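Good morning, and thank you for coming. I would like to take you through some side-chain contacts and aromatic pairs, and I ask that you keep the sequence and the structure in view as I speak.

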Amino acid sequence: MRVRVFQLCHLSETLLCLLHVSLALAQAQQALPLNSVTSFSSSTSPSLFGLPSSSQLTVSVAICSSQALSARFFLTNSTSGINPGPGGGSDVFEIPLNTGYGQWSGSAPVGGLMSVQDLQGSFEVSVSDDGTTYGILDQLPQLGDTTANQAILFSHAFYPPTIEQPSYPNYTLPPANLSTPDGPPSTPTFNLVIGPTSSQLSSLPQTACTLLNTSSTGSIISNDLWLRDNDGWRSQWLVDGLSPSTNYTAYVIQDQLKVSGPIYFATKSAGFPCPLVHSLPYCPSTAYAVPLPQPPTPALAYDATSLPSTISTPLLQYMTNFTTMLLTFACGRDLYSPLQTCADCQRQYRSWLCTVSFPRCSEPAPTSTTSSPGNNVQSPFSALQPQASGSTPRNPFFPKPSYAYTSLLPCLETCNAVDRACPYSLGIKCPIPQFNADASYGVGFIDNGEVGVTGQGSTGVAQDTWGNVWCNAS
């Protein structure tokens with residue numbers, strides 16, 4: 001009888017010990033809610049976190065300061081009382097970090113535990129059952145253009161446009177003066193981060209929380225949605241307060257989780273005279289400096305509300321006349337190409353018309369502007385053409401400039417694209433590279449300049465992510 005009492009007492013002590021251990025673990029850990037983001041620092045972070053149950057759980061961590069790069073994260077989806085850590089066994093997984101991010105995905109039917117070790121600094125953790133994670137996006141932001149103190153920048157395209165293809169017999173084309181289309185049904189939250197390249201933003205952990213904790217340079221004058229091209233909707237920023245002749249690095253943060261970038265650009269010299277123009281519904285891709293007087297106060301750049309009608313009215317008339325002439329062809333009934341339609345023709349003509357109607361100002365790249373790390377001379381050189389003060393502008397409806405400037409010529413490909421997209425009967429002809437095309441166009445950058453050959457140009461693009469712009473394709 002005494003033996004049985006002793007055994008019961010001994011068993012009760014064992015159960016109490018296990019209960020005490022379980023209570024201690026429960027008190028030491030913090031539960032991480034599902035489908036949420038939680039921030040911690042070394043001064044406030046517990047060492048153990050409880051994970052919710054899910055048949056498909058994603059745990060994503062992001063380092064928010066350089067000091068936290070030494071932190072290690074361990075996870076288990078077992079409920080056998082394992083405290084996850086180094087040497088924890090087959091049911092313990094270390095979350096590897098890459099550029100400040102780490103992720104684990106798997107099944108956790110009854111939940112799990114995550115521990116953090118060697119933490120100095122701060123971090124965030126996202127727990128989801130829909131695959132939401134931190135990360136770096138493949139799509140990059142875009143630079144419109146800069147002046148000495150301003151820049152126009154765009155986010156990556158986040159929502160495709162609605163493109164309606166007309167059909168015969170009611171084949172109608174968009175009017176010359178396009179209205180701003182309805183925006184997408186939902187829009188991510190975007191944040192723009194700009195810093196001097198000398199501040200080494202790209203050497204920091206490339207995480208949203210790290211970049212958002214930095215001090216962004218410049219002041220945002222306007223931020224709106226813009227359908228710039230067929231790639232889709234973007235967020236557009238006009239930024240002021242930058243320094244002349246300075247190299248900058250830019251990122252766009254989406255939903256405080258995902259990073260797009262970096263891209264690099266340089267502001268123009270202090271004496272750069274041309275103002276920016278942007279947000280023209282009839283020329284949606286136009287976002288660069290043009291040889292006009294400074295816009296009327298308080299505007300810092302030209303847009304559809306401030307651009308003189310003496311410039312916009314003739315352009316819209318050209319567009320209307322071309323559309324009328326194009327529709328004399330039996331669009332939608334008679335096919336002039338297996339690849340192109342009248343709608344494609346009008347779209348390419350609009351792009352070309354806007355590019356040549358708004359001459360683009362630029363200036364020679366400084367020797368520090370590079371097309372790739374390690375080079376100190378831009379190669380090849382941009383299609384630049386000096387313009388004297390009072391010279392006759394390319395667009396006769398522009399006033400004669402009261403200052404000297406340098407013009408960036410349109411890419412010849414903008415004209416060739418119209419030629420390829422439109423009916424032969426319209427008689428569209430572009431200059432031939434062998435016969436002085438480079439007097440009015442940038443030649444050989446996107447296409448190699450040979451008749452009938454598309455691509456194989458010296459750069460392959462009009463503009464790169466290092467801020468080099470070789471010809472105007474906007």
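Let us start with Val92, whose contacts, once neighbours within four places in sequence are left aside, are Phe74, Leu75, Thr76, Ile82, Pro84 and Gly85. Please bear in mind throughout that this is a predicted model. Val92 belongs to strand E6, which covers residues 92–95. Is Val92 buried or exposed? Its relative accessibility is 12%, and because the cut-off for buried is under 20%, Val92 counts as buried.

I turn now to the aromatic residues. How many aromatic pairs does a search of the whole structure find? The search returns 15. A pair of rings is described by two quantities, the distance of the centres and the angle of the planes.

Consider Tyr101 and Tyr134. Their ring centres are 6.3 Å apart and their planes meet at 35°, so this pair is classed as tilted; planes under 30 degrees apart would count as stacked, and planes over 60 as edge-to-face. Where do the two partners lie in the chain? Tyr101 is in strand E7, residues 101–108, whereas Tyr134 is in the loop between strand E9 (122–128) and strand E10 (135–136). The pair thus links distant parts of the chain, 33 residues apart. Both partners are buried: Tyr101 has a relative accessibility of 8%, and Tyr134 has one of 5%.

A second tilted pair is formed by Phe158 and Phe190, with 5.3 Å from centre to centre and 55° between the planes. This pair also links distant parts of the chain, its members being 32 residues apart. Phe158 sits in the loop between strand E12 (151–154) and strand E13 (190–196), and Phe190 is in strand E13. The relative accessible area is 18% for Phe158, which is therefore buried; Phe190, at 10%, is buried as well.

Aromatic residues are also found in a group: Phe40, Phe49, Phe73 and Phe123 make up one aromatic cluster.

Finally, I draw your attention to charged side chains placed over rings. Lys268 lies over the face of Phe272, 5.3 Å from the ring centre. Likewise, Arg394 lies over the face of Tyr441, at 5.2 Å from the ring centre.

Thank you for your attention.

How values were computed:
Residues are numbered from 1 along each chain as its sequence is written. This is a predicted model: local features need pLDDT of at least 70, side-chain atom pairs count only at pLDDT 80 or more; totals for chains, interfaces and linings use all residues. Side-chain values use heavy atoms; hydrogens and water are left out. Rings of Phe, Tyr and Trp (its six-membered ring) pair if their centres lie within 6.5 Å; planes under 30 degrees apart count as stacked, over 60 as edge-to-face and the rest as tilted. Helices (H or I, at least four residues) and strands (E, at least two) are DSSP runs, numbered from the N terminus. Buried means under 20% relative accessible area, exposed over 50%, partly exposed in between (1.4 Å probe, protein chains only). A charge sits over a ring if NZ of Lys or CZ of Arg is within 6 Å of the ring centre and within 35 degrees of the ring normal. Contact means heavy atoms within 4.5 Å.
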